[in-house]
Amino acid sequence: MHKLVLASLDDDQAVDTISIPLAGKSSIADHMVIASGRSTRQVASMASKLAEKIKGELGRSTRIEGLPTADWVLIDAGDVIVHLFRPEVRSFYNLERMWAFGDAPPPTPDTPPAALTPDA
């Protein structure tokens, strides 16, 4: 599931995709994936395509919240929770910082260092 999510977002040219391992830290999922789209249209398209791929390839239904406005779309795929944002909304909520677990190394693989530091 995790690889499918990352591949789908990569195919759809998601921006600044990161994956935060949650196994052993939270019971909600094994991974949290956070990515941005350049516009509400791209965010909505990525979310819809991802839900279709999960259904088509794995036979699983997903829960999607926030699709009508597509500023922040949450996809609950069971083992993987996906947050898709417009960049401004992502910066405001800064989930990467919230889930970084203190002094743990930054999420993988392509997280810009500024995403993990508080705004000055």
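The largest nonpolar core of this predicted model has 18 residues, of which Val 5, Leu 9, Val 73, Ile 75, Val 82 and Leu 84 touch the most other members. H1, E2, H2, E4 and E5 each contribute at least two residues to this core, and H2 gives the largest share, five residues. Apart from this core lies another, of eleven residues, including Ile 18, Leu 22, Phe 85 and Leu 95. The structure also holds seven salt bridges and three aromatic pairs.

**Nonpolar packing**

- In soluble globular proteins, nonpolar side chains tend to be buried together.
- Val 5 illustrates the contacts made across the chain: beyond its neighbours within four places in sequence, Val 5 is in contact with Val 33, Leu 50, Ile 54, Val 80 and Val 82.
- Val 82, another of the partners, is itself listed with the residues that touch the most other members of the largest core.

**Helix H2**

- H2 has 19 residues, which at 1.5 Å a residue should span 27 Å; the end C-alpha atoms are 27 Å apart, in agreement with that expectation.
- Gly 59 follows H2 and has a positive phi, near 70 degrees.

- Side chains of opposite charge can pair when their charged atoms come close.
- Asp 12 and Lys 49 form a salt bridge in which the closest N and O atoms are 3.7 Å apart. Asp 12 sits in the loop between helix H1 (2–11) and strand E1 (15–21), and Lys 49 in helix H2 (residues 40–58), so the bridge ties together parts that are 37 residues apart in sequence.
- Is Asp 12 buried or exposed? With 15% relative accessibility, Asp 12 counts as buried, whereas Lys 49, at 38%, counts as partly exposed.
- Arg 60 and Asp 79 form a further salt bridge, with 3.6 Å between the closest N and O atoms. Arg 60 lies in the loop between H2 and strand E3 (63–65), and Asp 79 in the loop between strand E4 (72–76) and strand E5 (80–85), so the pair ties together parts 19 residues apart in sequence.
- Arg 60 is partly exposed at 36% relative accessibility, and Asp 79 is partly exposed at 35%.
- Glu 96 and Arg 90 meet through their side chains in a salt bridge of 2.5 Å, N to O. Glu 96 counts as buried at 2% relative accessibility, and Arg 90 counts as buried at 7%.
- Salt bridges also link Asp 71, Arg 86 and Glu 88 in a network.

**Aromatic pairs**

- A pair of aromatic rings is described by the distance of the centres and the angle of the planes.
- Of the three aromatic pairs, one is formed by Trp 72 and Phe 85; this pair is tilted, at 4.8 Å centre to centre and 35 degrees between the planes. The pair links distant parts of the chain, with Trp 72 in strand E4 and Phe 85 in strand E5, 13 residues apart.
- Trp 72 is partly exposed, with a relative accessible area of 27%, while Phe 85 is buried, with 1%.
- Trp 72 also pairs with Tyr 93: the ring centres are 4.6 Å apart and the planes are at 50 degrees, so this pair is tilted. Here the distant parts linked are strand E4, which holds Trp 72, and helix H3 (residues 87–93), which holds Tyr 93, 21 residues apart.
- Tyr 93 is partly exposed, with a relative accessible area of 39%.
- Ring pairs link Trp 72, Phe 85, Phe 92 and Tyr 93 into a cluster.

How values were computed:
Residues are numbered from 1 along each chain as its sequence is written. This is a predicted model: local features need pLDDT of at least 70, side-chain atom pairs count only at pLDDT 80 or more; totals for chains, interfaces and linings use all residues. Side-chain values use heavy atoms; hydrogens and water are left out. A salt bridge is a side-chain nitrogen of Lys or Arg within 4 Å of a carboxyl oxygen of Asp or Glu. Helices (H or I, at least four residues) and strands (E, at least two) are DSSP runs, numbered from the N terminus. Buried means under 20% relative accessible area, exposed over 50%, partly exposed in between (1.4 Å probe, protein chains only). The expected span of a helix is 1.5 Å times one less than its number of residues. Rings of Phe, Tyr and Trp (its six-membered ring) pair if their centres lie within 6.5 Å; planes under 30 degrees apart count as stacked, over 60 as edge-to-face and the rest as tilted. A nonpolar core is a set of buried Ala, Val, Leu, Ile, Met, Phe, Trp, Tyr and Cys residues joined through side-chain atoms within 4.5 Å. Contact means heavy atoms within 4.5 Å.
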